[in-house]
Amino acid sequence: MSKYKTKVVSTGRFIPDKILTNDDLSKMVDTSDEWIYTRTGIKTRRIADESVLELAYLAGLDAIKKGNVDKNDIDLIVVATITAEQKTPSIANMVQKKLEIENTQVMTFDLNAACTGFVYALEVASALVQTNFNKALVIGVEKMTNVVDFTDRNTCILFGDAAGAMIIEKGNDDIFFYNDSKGDLTDLLTVDDKIHMDGRKVYQFAVDIIPKSINRVLEENNLTLDEIDYIIPHQANVRIIDSFIKTLNLDRDKVLINIDKYGNTSAASIPVAIDEYKDDNANSVKNVLIVGFGGGFTWGAAIIKI
Ligand code: ACO
């Protein structure tokens with residue numbers, strides 16, 4: 001359990017233009033709109049012509065503009081991704097270059113925690129801004145089409161491309177985290193050249209771990225669900241989301257669901273959803289609980305004020 005004093009300065013996102021529908025996919029593999037929608041809740045996903053770097057940069061730029069932030073105040077960039085086109089330099093490092101940040105000292109690195117990446121990255125950045133860092137740019141970006149095998153109907157229907165960003169600094173708001181992992185389920189979801197997944201086992205793990213994560217971050221911080229205005233889960237499958245809504249007896253209107261539009265965008269799904277939520281709630285500060293799970297396995301939840 002961890003708790004930090006962190007202010008969310010602004011959020012941003014970049015969504016690629018090109019749309020891939022379920023009908024498009026049914027021309028590529030043996031599937032149908034009906035199968036995909038009823039099993040996953042996905043209608044469309046986005047396909048990027050942009051590189052991972054460009055997606056990350058555009059989301060970061062959006063957060064800088066929305067927050068009216070001086071880019072040279074940013075001295076920490078953490079990028080959560082598993083789909084970078086090259087191993088080094090890091091996407092974070094190249095984002096610094098593309099943003100032309102001229103700070104005297106800047107730390108930049110990428111972080112791999114699969115779909116939990118953004119929650120992990122936000123905790124790392126929150127911890128670091130308690131020290132002498134000024135402002136951190138945290139990005140979740142994925143070009144899943146870099147690793148999707150478009151001949152495998154088990155996986156190619158699920159994923160899409162996007163990027164989301166958040167700028168944070170040391171502040172007066174409490175931000176709570178519970179991040180965790182387990183190293184003995186590594187075979188269930190792997191990306192070497194292409195993505196391989198045992199969908200059913202991942203599903204079973206997710207429906208078990210998500211309500212537990214939500215309860216844990218609340219209990220360890222003496223909070224209750226009534227004190228949470230909104231829940232933003234990783235968007236992997238609408239049935240996984242509906243399952244924890246039922247387990248926790250939640251009001252469905254209190255949970256953000258946008259998987260129908262974007263599919264599973266891995267580390268980007270939570271920051272994209274946060275930014276969409278922020279667009280609709282621009283003038284009010286809300287207590288939002290984010291929760292993610294992904295390959296490893298990794299999982300985590302956080303309570304933030306946005
Ligand atoms: N179209 C039509 N039929 C299909 C398709 C498809 N796209 N994909 C699989 N099928 C078939 C299978 O071959 C199988 O046929 P069979 O019974 O003849 O063998 C049948 O449909 C049922 O397949 P299941 O895998 O049992 O289907 P299930 O109901 O479990 O749904 C799904 C599959 C959607 C992948 C589900 O298991 C799931 O969502 N799992 C979690 C995935 C997830 O969350 N992944 C990401 C987590 S971490 C991260 O985000 C990186």
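Here is a short chat about the predicted model shown above.

Q: Before we dig in, what kind of model is this, and which confidence cut-offs apply?
A: It's a predicted model: local features need pLDDT of at least 70 and side-chain atom pairs count only at pLDDT 80 or more, while totals for chains, interfaces and linings use all residues. Residues are numbered from 1 along each chain as its sequence is written, and side-chain values use heavy atoms, with hydrogens and water left out.

Q: Great. How many helices and strands does the chain have?
A: There are 10 helices and 12 strands. Both are DSSP runs numbered from the N terminus, helices being H or I with at least four residues and strands E with at least two.

Q: And why say the radius of gyration agrees with a compact globule?
A: Because a compact globule of 306 residues would come out near 19 Å, and the chain has 18 Å. The radius is taken over C-alpha atoms, and the globule rule is 2.2 Å times the number of residues to the power 0.38. Along the principal axes, the C-alpha atoms fill a box of roughly 55 × 40 × 40 Å.

Q: How much of the chain is buried?
A: Buried residues are 57% of the 306. Buried means under 20% relative accessible area, exposed means over 50%, and partly exposed is in between, with a 1.4 Å probe and protein chains only.

Q: What about contacts across the sequence, what share joins residues 24 or more positions apart?
A: That share is 77% of the contacts with a separation of 6 or more. Contact here means heavy atoms within 4.5 Å.

Q: What does Asn 237 touch?
A: Leaving out residues up to four places away in sequence, Asn 237 touches Arg 39, Thr 40, Tyr 203 and Ile 259. A polar atom of the Asn 237 side chain also lies 2.7 Å from the backbone nitrogen of Arg 239. For a polar contact, the pair must be N or O atoms within 3.5 Å; within protein, one must be able to donate a hydrogen and the other to accept it, and residues adjacent in sequence count only if both atoms are side-chain atoms.

Q: And Asp 229, where is that one?
A: Asp 229 is in the loop between H7 and S10. Asp 229 counts as partly exposed, because its relative accessibility is 37%.

Q: Which residues does Asp 229 touch?
A: Lys 254, Lys 286 and Asn 287, again not counting residues up to four places away in sequence. The Asp 229 side chain has a polar atom 2.7 Å from the backbone nitrogen of Asn 287.

Q: Now the backbone. Which peptide bonds are cis?
A: Among them is Thr 88 to Pro 89, with omega near 0°, and Pro 89 is in the loop between strand S4 (74–80) and helix H4 (91–99). Another is Gly 296 to Phe 297, with omega near 5°; Phe 297 is in the loop between strand S11 (287–294) and strand S12 (298–305).

Q: Last one: where is Asn 68, and what is its phi?
A: Asn 68 is in the loop between helix H3 (52–66) and S4, and its phi is near 50°, a positive value in a residue other than glycine. Asn 68 counts as exposed, because its relative accessibility is 72%.
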